[in-house]
Amino acid sequence: MKRLLTTLSISCIAMIMAVPVIAADTIKIGFNLEMTGDIPKVGESSKFAAEMLKADINGAGGLEVGGKKYKLEFIYEDNEAKAESAVTTTLKLIEKDEVLAMIGPNSTKQAIPAGQVANDNEMVMISPWSTNPDTTFNRPWVFRAAFLDSFQGPMAVNFAIKTFKAKTSAVLYDLSNDYSKGLAEVFKKLFEGKMGAGSVLAFESHGTKDQDFSAQLTKIIAAKPDFIFLPDNYNQVALIVKQARQLGYKGEFMGSDAWGSSELMTLCGKDCVGLHFSTHYAAAGATGATKEFIERYKAKYSYTPDDVAALTWDATGVVLKAIQNTGGLTGKLKKDRKAIRAGMAAITSFGGITGNMKFNEQGDPIKCGVVVQITKNGEFAFNESICPE
Amino acid sequence: MLRRYSVHLSLATVGGLIIYLAHQEYLSLYIMSVLMFMGVNIILSTSLNLVNGYMGEFSCGHAGFMCVGAYVSSLLGVWLFANDKVFGAPLLNPKYTLYAFPLLILVGGIAAAFAGLLVAIPSYKTRGDYLAIITLASNYIIISVIENIGAIGGSRGFMGMKQLISAMEKRVDLPWMPIWVFLFTVFCIWLMRRYISSTFGKGVTAICQDEVAAEIMSVNTNKIKTITFMVSSGMAGIAGGLFAYILGYVNPGSFNILKSTEVLVMVYLGGMASLSGSVLSAILFTILLELLRPLQIIKWIVIPLLLIILMQFRPEGIMGNRELGDIFPKLKKFYRFK
Amino acid sequence: MENLVQNIINALQWGSFYALIALGYTLVYGVLTLINFAHGDVFMVGAYIAFFSATFLLTTLGLPGWIALALCIPLTMILTAMVGVTLERIAYRPLRNKGAHRLYVVITALMCGLILEHANLAIFGASRKAFPPLIAEHVYTIGGVTFTNLKIAVIATAFLAFMFLHWMVTKTRVGMAMRAISYDKFAVPLLGIPLDQIIVVTFILGSGFAGLAGLLFAMSYPVLEPYMGALIGWKAFIAAVVGGIGDIRGAFLGGFLLGTVEIMVVAFFPSTYRDLIAFTVLLVILTWKPTGLFGIAKTTKI
């Protein structure tokens, strides 16, 4: 029995260690995604977008780097939305799969520890979705594609004050969700800075898996704010807006980029028509590459892409651009990864579908945002564009 | 002679070999990280087995105590030895990190042991499934408390622990994290073994068999329950401290009910009241999770299915309530483990 | 004042769901002393079954909303009951017959729950489903207090379900057999009561009402996802135990108690402290009454 176990465990370890044969002319990129656990939808969107990009480039013969065509190989790993799993996944991608760069994880809980590992092992990582400053702070190898709270917060405040003529507001956010909490706090600070202390009449929270918000909403509605700021994921937005209407609230909501999913309208229906939120791009008035992306994604997976899909597409695009910037791969892993890091720094402007972006010294993108309004047909129509000063 | 020292010798060899291989970079970081999480899982499952197996209660909030240990040891460590936004410059010279590190982990464990009182005191009167709810509630309470302390990041999490590890590695160039995980795992198993086989520990099994009878036989059940809950949650705290330093980042969301159920599964997979069963199941479970990674979503259908099938064939877990030595009596010739 | 009344209505609605799910927990527990951790996921399956039958009835057959609803209720309840019975048949019963420790059956239940969740994720993908509106929702406002017809229906259903189950357990022969089994599992078959059949009936009732809860839940909160049952399942279990597990009245009251505590804490304290205060209250209740509100203190024979 014991011998059997020893043999078993040795063979298991041997299986883990077995190094796959690397084809000479492929480029491997790792994806560290949340495919099971709390937010499976996020991982799925990322994977779908990446698959589409891979099919595109491989269909065109591969990615041209330094005059040579490489086929792309994307390796998807599930981090189960757990921090420890994200770390082992990152190490597996770095060592066993020998990828050149990694996309993801999306959620901050996974992105911070994974970023640490990627940084320590000197491999470029880009998180499409994480908004926590700590993810990239003092980590030269870690980048992100999403806005920071410090950009999106003022965008929401300024827009609300100008368009809604709001003097007071209320906030409802997800206490256990790092993104939601961060944005809610930035918003509160800025709004009270502009409108005076106490102008945020209610600052309420809920839990990640909650489905009933009636108590929080009753409290908020009783405070009679001019509008409610709702930095929440779209699935919860749908429930919150519906329940607020059922409780007799008729006012405005202002949202953030996590609203930007086509599913919002299937889940929310007519209750959400007319609401505004800040995001990366306006799907309704989209032109050029963005429009093409949306249409093709829709044709392939039969729903319009959400913000994660678009951001993953751009994040992957940025990495591929950086690989092209290296001017040729040597096949030596360490050297190539260094070259890609240099290639990332060399990007002066990347024309992505979520807008033009470049990276500052912390690895955070500098790009413009838009505020969109939800039309009667459920489209997100362009309302205003705001760029960082 | 050999029988007396065989366990010590084999542990030293295995530990030394792993550390040597890690130091020479023959073992990749990926394998090392899997091995380290394996160590954490071993501590977790053995410590929960103390309550769920030996004492016969049904605790399902073990991750809460892990959370306390993780936060206390990382806050203390960062406060004393690292540069941080919250605490500012280090209080002590980082070169002492190496000596203080085991103390940091132990302090985390002690703090978690006191958090264990949250369950231990109600357990005087409340039993069985009602106590299970108290453990569940304490898990929620602990997470909620930490989420509400904005100064240490709340749900944004807390980081900075990597500085301590690099300070240790600067002092003496060895892979310190695997070393500490290994030492603490051995320490915890040893502690468990000593505790269970002590006269005092016999009282724990007595409570499991029949609490009233035990009390009549002059076993101080309340005292034993308190201490057992504290030992169990203290060891969970040690596991949490190690977990936090391995990751270099803690977030209250990592210690939710799902984590608790994972530990539960390991305990019952190994067998109630079997120390070697818990160790074995923690190792198997960790390896299984890694090996089935390529299955992605299907993985979480396959693993429960495997466990259900296993339960049908061995309805008492891998080891039942026996130890390795009971199943293979010949092995006893070669070792003595106390 | 208006706020208080409004929050009482909110609490009644939210508590109704806890109560409906807790009833299923407590039925199975009362008969088998088995904590059926898969129950939350059976509830989720119920919501999905309701979704598919409602979409089928509305779009494929083109039936009007109220007929669809009337057909949907029995359909969902029957199909969900079948899921519950299947679990009992293939996972729990063999273990029970082998005489496994009851906690191993609990772990098996936990595993069954995981399989249901992830099988759903693997088959239907991660996209959330929007439940089609079966009946038009009306918002009524009386003296500053707002409620909808759906809310009233949910609360009424919870009360009806409770009364039905209470009648079933206390007044019928099947109920008598159920209570007999919970007293002594070994003597009951000797008296000619078919043990396995009664257990199947218990699972049919428990899962059927989980399916009904799933349907109502999907109508009230029309966003469905594979993990929707996990948290509410755990909390309903907590509610059932606080009420005194094994007792129908306990589960019902426990559900409303938990709902009320959660809603009222948010209403009168900062909402960030919700879990902290709500669970502290439960902890204190269980320390003060060690067998829950309705549980009977077991006298231990020596």
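Predicted model: local features only at pLDDT ≥ 70, side-chain atom pairs only at ≥ 80, totals over all residues.
Local features need pLDDT of at least 70 and side-chain atom pairs count only at pLDDT 80 or more, while totals for chains, interfaces and linings use all residues. Residues are numbered from 1 along each chain as its sequence is written, with chains lettered from A and ligands numbered from 1 in the order in which they are written.

Chains B and C come first. Their contact takes 37 residues from chain B and 39 residues from chain C, where two residues are in contact if their C-beta atoms, placed from the backbone, lie within 7 Å. On the chain B side, two or more residues each come from α6 (128-148), α10 (211-216), α12 (257-270) and α14 (299-313); helices here are DSSP runs of H or I with at least four residues, strands are runs of E with at least two, and both are numbered from the N terminus. The largest share of that side belongs to α6(B), with 12 residues. By class, the chain B side splits into 27 nonpolar, six polar and four charged residues (Ala, Val, Leu, Ile, Met, Phe, Trp, Tyr, Cys and Pro count as nonpolar, Asp, Glu, Lys and Arg as charged, and the others, Gly among them, as polar).

Chain C also touches chain A, through 26 residues of chain C and 28 residues of chain A. At least two residues of the chain C side come from each of α1, α4 (102-124), β2 (139-142), β3 (145-148) and α10 (248-268), and α1(C) gives the most, with five residues.

Axes are lines fitted to C-alpha atoms, for helices over the stretch in contact, and angles run from 0 to 180 degrees between N-to-C directions. I21(C), G24(C) and Y25(C) of α1(C) meet H39(C), G40(C) and F43(C) of α2(C), which comes to three nonpolar, three polar and no charged residues.

Chain A is assigned domain 1 (24-146 + 307-366) and domain 2 (149-279), with bounds from an automatic or database domain assignment. Their centres, taken over C-alpha atoms, are 31 Å apart. Six residues of domain 1 and 10 residues of domain 2 make the contact, and the domain 1 side has no nonpolar, three polar and three charged residues.

Now for the sheets of chain A, where two strands pair if DSSP finds at least two bridges between them. One open sheet has seven strands in the order β8-β7-β9-β10-β11-β15-β16, with mixed pairing. β8 (200-206) and β16 (380-386) are its edge strands, and the twist averages 20° from one strand to the next. Within chain A, β10 (residues 252-255) and β11 (residues 276-279) run parallel and are joined by two bridges, with M254(A) partnered by H276(A).

Another open sheet of chain A has three strands, β12-β13-β14, in antiparallel pairing, and its edges are β12 (350-352) and β14 (365-366). Three bridges link β12(A) to β13 (residues 355-359), and G351(A) stands opposite N356(A).
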